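Here are my notes on the model you sent. Please read them with the structure open beside you.

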Amino acid sequence: MSDKPRILVARPTFPEVIERLAAHFEVEHNQADESGSPEQLRSRLQGKSGVFTTGAERIDAALLAACPQLRICANMAVGFNNFDLPAMTAAGVLGTNAPDVLTETTADFGFALLMATARRVTESEHYLRAGKWQNWSYDLFAGQEVHGTTLGILGMGRIGQGIARRGAHGFGMQVIYHNRSRLSPELEASCKARYVTKDELLQGADHLVLVLPYTAESHHAIGAAEIARMKPGATLVNIARGGIVDDAALALALRERRIAAAGLDVFEGEPRVHPDLLTVPNVVLTPHIASATLPTRLAMATLAADNLIGFLVHGKAVTPLNPQALEKR
Ligand code: 8YV
């Protein structure tokens with residue numbers, strides 16, 4: 001057996017990334033994408049020092065207790081709500097994520113979903129494909145205006161700022177935002193964004209885009225009460241995480257036309273989708289693809305690999321989330 005550290009790549013990834021990892025590690029991969037049950041993950045992790053995760057594999061205290069050799073979990077995602085970070089820190093296990101490399105691509109998609117939602121792109125395509133188009137009509141699939149309207153952003157990190165810049169500079173939108181902490185005056189100026197309370201955001205936005213991390217505090221940050229505060233002609237776009245929106249409450253609000261439309265890339269309990277969302281027409285649904293261009297996905301996978309190599313070979317990760325974990329070793 002070689003004396004290289006052993007790692008697991010939990011889900012399929014780019015062959016060139018596996019090859020890069022194989023230069024440094026004894027790699028067990030899962031290119032066949034075999035079942036990802038927690039039990040299987042635990043058994044595959046036996047004797048591994050590192051794991052390449054994709055954002056769906058849950059790393060919690062029970063798993064860590066069963067895998068005492070594990071030292072690093074490298075997520076190929078900027079979000080890391082699949083990590084129980086306090087449990088990882090307590091176990092002396094480093095977590096890393098993949099920020100920055102996906103910012104602009106994901107902001108592009110946020111805007112694409114906003115446009116598709118406001119202008120009823122998928123709903124009208126389904127109508128056309130079903131052979132229902134008989135005549136042009138003055139109000140056929142009339143949607144919501146985008147340019148010059150008010151863009152609301154909940155969660156103003158790097159991706160939120162990218163969406164703000166697109167709205168303000170490309171579409172002449174007034175941008176309002178709410179975030180745990182206010183941006184610096186320089187950043188606010190570059191995004192042409194104005195800080196408001198959450199209630200002002202809900203009431204003022206013509207299009208509300210969610211780009212906040214999923215935490216216990218942000219669970220159902222948008223539920224029936226919040227939707228009721230929104231304008232009747234507003235749209236809601238979620239490219240952040242499932243669970244931030246109460247999907248059942250949203251489906252009901254869409255059916256009753258309490259807001260105009262929604263665009264969702266993420267879902268509570270995905271890949272399952274709330275059945276009521278599948279039967280309302282005024283929602284655009286996409287399967288968690290906001291960062292999905294091949295160059296960006298390759299950059300994310302490469303950064304996850306660089307974190308494993310950086311930490312396990314050279315002693316320093318590139319984008320650590322909990323460096324305090326290292327004091328536990
Ligand atoms: C990932 C994402 O594709 O980076 C994130 O947080 O949501 C997506 O870009 C997904 O998490 C799989 O890794």
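**Notes on the predicted model**

1. Start with Thr103. Leaving out residues up to four places away in sequence, Thr103 touches Arg158 and Ile159. Thr103 belongs to helix H5, which covers residues 103-118.

2. Is Thr103 buried or exposed? Thr103 has a relative accessible area of 9%, and because buried means under 20%, Thr103 counts as buried.

3. Compare Arg258, which sits in the loop between H11 and E11. Its relative accessible area is 34%, so Arg258 is partly exposed. Between the C-alpha atoms of Arg258 and Ile159 there are 28 Å, and the two residues are 99 residues apart along the chain.

4. What does Arg258 touch, not counting residues up to four places away in sequence? The list is Lys231, Pro232, Leu252 and Ala253.

5. The largest nonpolar core contains 29 residues, and Leu208, Leu210, Ile222, Leu236, Leu250 and Leu254 have the most contacts inside it. Two or more residues of this core come from each of helix H9 (198-204), strand E9 (207-210), helix H11 (247-255) and strand E11 (261-264). H11 gives the largest share, four residues.

6. Apart from neighbours within four places in sequence, its contacts are Leu154, Leu202, Leu208, Leu210, Ile227, Leu236, Ile244, Val245 and Asp246.

7. Now the ligand. Which residues surround the ligand? They are Thr54, Met76, Ala77, Val78, Gly79, Leu102, Arg241, His288, Ser291, Arg297 and Met300. By type, this shell is made up of five nonpolar, four polar and two charged residues.

8. For Met76, a backbone N or O atom is 2.8 Å from an oxygen atom of the ligand. For His288, a polar side-chain atom is 2.7 Å from a ligand oxygen atom. For Ser291, a polar side-chain atom is 2.6 Å from a ligand oxygen atom. On its own the ligand has 330 Å² of accessible area, and the protein covers 85% of this.

Notes. Residues are numbered from 1 along each chain as its sequence is written. This is a predicted model: local features need pLDDT of at least 70, side-chain atom pairs count only at pLDDT 80 or more; totals for chains, interfaces and linings use all residues. Side-chain values use heavy atoms; hydrogens and water are left out. A nonpolar core is a set of buried Ala, Val, Leu, Ile, Met, Phe, Trp, Tyr and Cys residues joined through side-chain atoms within 4.5 Å. Buried means under 20% relative accessible area, exposed over 50%, partly exposed in between (1.4 Å probe, protein chains only). Contact means heavy atoms within 4.5 Å. A residue is near a molecule or strand if one of its heavy atoms lies within 4 Å of it. A polar contact is a pair of N or O atoms within 3.5 Å; within protein, one must be able to donate a hydrogen and the other to accept it, and residues adjacent in sequence count only if both atoms are side-chain atoms. Accessible areas come from the Shrake-Rupley method with a 1.4 Å probe; for residues, only the protein chains shown count as cover. Ala, Val, Leu, Ile, Met, Phe, Trp, Tyr, Cys and Pro count as nonpolar, Asp, Glu, Lys and Arg as charged, and the others, Gly among them, as polar.
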